[in-house]
Amino acid sequence: MDFFTSGFPILTVLIFLPLVGAIITAILPDDMAESSALAFTVLTALLSLFVIFGFDPTRADFQFVERYNWIDAISRQGESLFKVEYLLGLDGISLWLIPLTTLLMVLSVWFSSDSVTERKKEYYAFMLLLETGMLGVFVALDLFLFFIFWEIVLIPMYFLIGIWGGSNRIYATMKFVLYTMAGSALMLAAIMGLGMVNLVSPSGTGQIAFAFDKLLPVMQGLPQLAPTLATLPANAAMWFFLAFALAFAIKVPLFPFHTWLPDAHVQAPTAGSVILAGILLKMGTYGYLRFALPFFPEPARDFAPLFALLAIIGILYGAWVAYAQKDIKSLVAYSSVSHLGFVMLGIFALNAQGLSGGILQMINHGISTGALFLLVGMIYERRHTRDIDAFGGLWKIMPIYAAFFLITMLASVGLPGLNGFVGEFLALLGAFAANPWWALFGTLGVVLAATYMLRLFNKMFFGPVDRDENRGLLDLTRKEVALLVPLVILMVLIGFAPNLFLDPMQPSVNALVEIVNGNAPSIGMLP
Amino acid sequence: MIDLIWLIPLLPLLGVVINTFFGRFLSGKASAWLATLLVGIAAALTLVTIFQVRGLGEEFGGETVTLYRWMTAGDFSVTLSFLVDQLSLLMTMVITGVGFLIHMYSIGYMAHDPGIRRYFIYLNLFVFAMLMLVLGDNYLLMFLGWEGVGLCSYLLISFWFSDTVNADAGKKAFIVNRIGDFAVLLGIFLTWTTFGSLAYADIFGSIEAVSAGVLGLITFLFFVGCTGKSAQIPLYVWLPDAMAGPTPVSALIHAATMVTAGVYLLVRSAPMLDEAILISNFLTRDLVAWIGVLTALFAATIALTQTDIKRVLAYSTVSQLGYMFLGVGTGAYIAAIFHLFTHAFFKALLFLGSGSVMHGMEHGHHAISHGQPAEADDHATDEHGHADSFDVQDMRNMGGLWQKMPATAWTFLIGGLALAGFPLTSGFFSKDEILTLTQHGGYNLLYVIGIVTAFMTAFYTFRQFFMVFWGKPRTEAAAHAHESPSVMTVPLMILAAFALLAGLIFGLPLEDGVFHHWLEPLLYGLGHHEGEGYHLPIMASLAISSIVAIAGIALAYLRYGRRPAETVGEATAKGGLLHALSYNKWYVDEIYHALIVRPYELLAAFSARFFDRFVIDGAVNGVAKLLSVGGGGLGRLQSGFVRSYALGIVSGLFIIGFVMFLTIPNELRNYFSQLGTPAILTFVVGLGLLALILWTTLRPRKTVEAAADPITHTS
Amino acid sequence: MEALTTITTTHYLILSAILFSLGVLGVLMRRSAIIAFLSIELMLNAVNLSFVALARDLVSLDGQVVVFFVMTVAAAEVAVGLALIVAFYRSLGTTDIDEAHELYG
């Protein structure tokens with residue numbers, strides 16, 4: 001294990017292994033695309049295990065740090081003015097997102113081998129490119145680098161929905177990309193702004209630089225600093241925060257920026273939906289945790305009620321809109337809006353319980369919604385419809401499928417003993433400690449979750465088998481069971497032993513709480 | 001054994017795991033016996049532990065067995081640990097003991113059901129969750145069990161899921177319970193922010209430091225949860241529908257154990273409940289008592305006219321739970337738990353008895369319609385008679401079963417006597433103790449309502465008894481019914497023994513028996529306070545209870561027993577408005593549907609079909625449309641014609657010139673104004689020229705566009 | 001009407017403006033590349049005129065210096081511009097500038 005903790009650039013390898021895989025997959029003949037892609041995702045997943053085991057759970061700072069100069073430009077007296085670094089690192093906040101990403105990638109690539117029949121080579125190359133982008137987002141610590149990975153993710157997703165999607169895929173994918181781009185444009189402006197602040201601020205390094213550790217102290221002092229600088233408006237910190245927050249809010253998606261999500265989900269191929277819900281949305285919430293909160297603690301505190309309000313509206317609104325859906329996928333998509341509301345509520349509780357709950361709920365949502373989309377994909381492969389009313393009494397015909405669906409549904413509605421409960425409970429507990437009213441309305445979402453999920457489950461699996469098309473449906477194959485089993489194991493494991501997952505994130509979460517509450521930064525110091 | 005207490009919930013969980021993963025290697029019967037055996041072992045272990053704790057004497061103040069840290073975040077921490085004390089052991093005994101008997105009964109009852117393995121998996125899972133509920137040493141673990149039993153309840157109610165009615169009943173139970181759980185969750189949050197811990201020991205140790213109002217709010221929230229789980233007003237509506245499940249499930253979950261979880265929760269929270277004040281001098285306990293007694297009365301009025309054998313029992317359960325809450329509310333904690341204890345026996349007995357009756361009726365029905373005793377493999381259609389219109393649960397179709405099913409009838413009679421509070425049966429002691437303590441606590445009005453309810457209870461119980469067993473069979477099915485197998489009747493007899501004797505064995509001498517000694521160390525100094533005013537002597541109170549019970553039974557005999565209805569039509573009661581209200585359950589379901597369910601569905605539909613699509617998405621697409629229209633307009637400027645670009649340049653020049661003219665510094669302005677009118681004249685001429693240019697260039701648009709078309713261009 | 005009897009700087013400026021406007025109109029309204037080109041020259045000279053007039057009015061040589069610059073540049077421009085027009089004519093067989101719209105966006 002020492003080998004992996006000392007000197008070996010494990011994060012770089014982790015990020016770029018899928019890219020290498022993408023290139024190789026693109027070169028190899030079409031019929032080898034699946035196996036090549038599967039091999040590379042499995043390899044990446046195995047590598048991510050080393051990250052978990054090599055991670056020191058007692059430390060709050062970044063680990064596995066890699067730091068190189070990347071772009072040095074606009075030299076002035078031998079000093080470069082514009083400095084972008086290749087800076088990677090991992091802490092308790094991003095730790096679990098890595099294995100989540102690699103696991104879901106393996107599952108969705110494996111699942112795709114049955115469902116994708118056209119243009120396989122491109123498909124798998126895009127999947128692998130997507131993995132590179134997502135992993136990069138979660139470990140990049142230079143804002144510029146972060147932005148590049150953030151945008152890289154869009155490209156393969158655009159094609160995955162646009163080429164292998166459903167009937168209305170062009171509209172959905174355009175909407176997805178344009179919506180996200182609108183947010184990223186603001187974020188890019190803000191990133192440039194932060195670089196400039198670092199240049200002009202007396203506490204900065206006198207460069208247009210984007211590294212996390214360089215910006216953190218400068219941004220912490222921004223509310224005091226900004227009024228003294230003629231070039232910045234006095235409330236610059238607030239504007240920067242809002243620019244980041246909007247970009248991330250679109251990605252989350254926070255109400256009322258959520259309408260791209262159901263369209264994208266319904267049109268995306270199954271694997272696309274799994275990745276989209278399981279990982280892509282987490283990029284938004286992760287952005288808050290990594291940049292928006294520690295950089296701008298004051299505006300974050302000031303705006304917490306607004307974001308909590310939007311999160312609560314999202315929880316309730318997502319739930320009751322889900323209740324009225326006719327398409328299984330769009331029901332699950334709206335349930336994501338609701339679940340991500342819990343994450344946001346936890347995050348903006350700005351205390352250890354809320355943040356831990358929010359982070360864990362990100363993982364939980366990835367697992368349970370990922371599993372839900374896989375399940376929907378499996379029934380879609382058999383029946384080629386996702387209309388809820390087209391099903392009924394499936395338990396009798398597909399009991400194994402029903403059992404998996406039941407467990408996943410229960411995890412999704414937050415039944416104690418499964419993963420969803422732990423995340424939701426901690427997030428709501430944190431929200432209650434921050435403001436009881438938030439928790440009061442947030443907790444209502446738990447009731448509403450039961451209404452839409454049980455409606456779905458009852459309609460699909462209970463009642464008489466009233467359609468002949470459903471009579472001959474085959475139960476899950478061994479492969480499909482194998483796809484779902486790891487997720488179900490994780491659901492139970494997180495439900496009964498959440499501390500396995502909560503403990504390693506505690507130091508980082510506590511440090512973040514310190515920062516957000518205005519105490520001196522104790523993380524972000526990098527070698 | 002105390003240190004190994006975790007074995008007890010582990011055993012049923014083991015059953016779940018084995019039957020889930022390796023069940024296909026076992027026959028259905030083997031699965032069933034395995035599940036039953038494991039619960040039996042758990043019951044035996046519990047008994048061992050109880051004797052061990054008894055051996056430790058009255059100083060035993062409970063012991064915590066910690067397995068591991070469950071959930072930690074910041075300064076929040078909860079362990080997965082079990083609390084072994086008198087209350088949790090008592091509940092464990094009831095759960096595993098009654099659970100074992102009902103498992104055994106189910107082997108016979110479900111013998112021919114194709115879903116028997118699934119049934120026993122659920123049943124074991126239920127026992128596991130229920131044990132977590134009562135053994136957990138903190139509120140969060142309690143909540144794990146609390147929701148877990150709700151899940152099992154959902155799964156078991158909709159066990160015969162092919163019938164949409166069952167599935168809907170299950171869904172209703174789960175969602176209504178979730179509403180209560182919502183309040184419990186909030187209560188847990190408030191508990192943690194108040195006490196900084198969720199463990200019972202930590203909380204009850206620092207009650208003094210907390211204001212009565214906060215305690216009032218916490219206990220109020222818990223109580224709202226109890227109204228869901230324990231079927232009190234206003235959330236009781238799911239329980240009568242829950243009878244859609246298999247009858248042993250009704251006995252175990254919806255009579256003996258799960259529905260009493262609310263009582264357990266409140267008694268467990270007794271140290272908090274004792275100090276809790278809701279508003280000014282209205283205690284949380286007062287609310288509990290009022291809700292309890294009103295639920296008892298309300299449910300009894302409905303039970304008076306029901307014709308479905310299980311529904312009568314369902315409403316009587318709601319009513320008896322009301323008594324328990326009356327006990328909790330008046331501080332008679334031990335009496336409430338005692339009633340819980342006796343009720344578990346006699347109500348399980350009654351449900352199993354009714355199951356036996358239905359079983360017999362089914363066989364009778366099959367015997368006449370198919371000419372042979374049928375396999376009971378299709379409960380889904382038969383228990384509700386949806387396959388054909390015959391309803392085996394309708395008491396109007398029965399009558400005269402005494403001769404056909406003597407064992408069932410005798411045990412049912414004993415259960416009925418206990419429920420009615422006939423002197424010296426178990427129900428008599430526990431119910432009377434609650435009522436006496438209510439009166440002694442100074443709650444005279446509550447006492448009177450309780451007595452009235454007791455009268456009604458005796459009446460409807462024996463109305464049911466006479467309608468089912470007395471007289472002559474009213475249908476062919478009843479005439480051909482026969483006794484159930486012994487695997488079903490033996491549990492009935494064991495339960496009957498307890499229902500008959502539990503009061504005498506555990507309840508005597510009054511308020512000083514084995515039962516009370518057992519719980520005394522835990523609840524010492526908590527609860528009951530002697531109220532103001534006149535106290536009925538205990539013997540007088542006993543006499544009143546006895547008279548009321550006997551009077552109720554007597555009235556039922558006069559009305560239904562002396563001259564039983566001979567035909568189905570005759571048994572169908574005709575009544576006025578009150579009868580209709582009672583028969584239709586005061587239309588509460590309809591009211592809830594109109595006030596809550598329907599508006600929610602409308603809101604959902606409105607949000608999904610209109611608001612989300614046209615307002616929110618409309619705004620987004622509106623922006624996109626705006627940009628695309630604007631882009632189209634701007635794109636037209638990029639025509640490719642040099643002269644139009646030149647026009648752009650010139651127009652821009654003029655605009656810039658104009659702006660500069662307005663904003664030039666003063667010296668320059670003075671200089672220009674020195675130039676005087678001609679300069680302004682120039683400017684005006686310039687504007688005129690601009691207008692001319694615009695007009696001339698925009699005019700030949702058609703030819704421009706024609707020229708832009710490459711096809712016409714090349715021709 | 002006194003303004004008309006003596007020639008002042010204003011008159012030069014007005015003349016310059018008129019010449020410039022004619023040049024603009026020429027560029028905008030005529031399709032022949034040659035005419036447009038001539039019109040541009042006209043505009044340049046209009047500017048030159050105002051430079052000279054203002055230089056005299058402000059008693060400063062700066063304006064006159066600029067005029068020389070402009071004339072030099074204009075000479076160079078004529079060389080390049082005419083060459084372009086010739087090349088244009090060779091490739092399209094016309095000097096109609098509306099025919100040159102290949103860069104249509």
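**Domain and chain contacts in the predicted model**

In chain B, 40 residues of domain 1 are in contact with 38 residues of domain 2, where contact between two residues takes C-beta atoms, placed from the backbone, within 7 Å. This is a predicted model, in which local features need pLDDT of at least 70 and side-chain atom pairs count only at pLDDT 80 or more, while totals for chains, interfaces and linings use all residues. Residues are numbered from 1 along each chain as its sequence is written, and chains are lettered from A and ligands numbered from 1 in the order in which they are written.

On the domain 1 side of that contact in chain B, the elements giving two or more residues are helices H3 (86–109), H9 (238–241), H10 (247–256), H11 (261–268) and H12 (270–275). Helices (H or I, at least four residues) and strands (E, at least two) are DSSP runs, numbered from the N terminus. H3(B) puts in the largest share, 12 residues. By class, this side has 27 nonpolar, 10 polar and three charged residues; Ala, Val, Leu, Ile, Met, Phe, Trp, Tyr, Cys and Pro count as nonpolar, Asp, Glu, Lys and Arg as charged, and the others, Gly among them, as polar. The centres of domain 1 and domain 2 of chain B, taken over C-alpha atoms, are 24 Å apart. Chain B as a whole splits into domain 1 (1–280), domain 2 (308–368 + 389–583), domain 3 (591–638) and domain 4 (641–715), with bounds from an automatic or database domain assignment.

Turning to whole chains, two pairs touch, and the most contacts are between chains A and B. That contact draws 40 residues from chain B and 45 residues from chain A. On the chain B side, strand E1 (63–73) and helices H5 (139–157), H6 (164–195) and H27 (588–637) each give two or more residues, and H6(B) has the largest share with 13 residues. Chains A and C, by contrast, share no contact, their closest C-alpha atoms lying 22 Å apart.

Helix H4 (residues 62–92) of chain C has 31 residues and reaches 43 Å from first to last C-alpha, close to the 45 Å expected at 1.5 Å a residue, the expected span being 1.5 Å times one less than the number of residues. The number of buried residues in H4(C) is zero, so this helix lies largely in the open; buried takes 20 or more other C-beta atoms within 10 Å of a residue's own, with C-beta atoms placed from the backbone. In H17(A), on the other hand, the buried residues include Tyr401(A), Phe404(A), Phe405(A) and Met409(A).

How values were computed: Buried ≥ 20, exposed ≤ 12 C-beta atoms within 10 Å, placed from the backbone.
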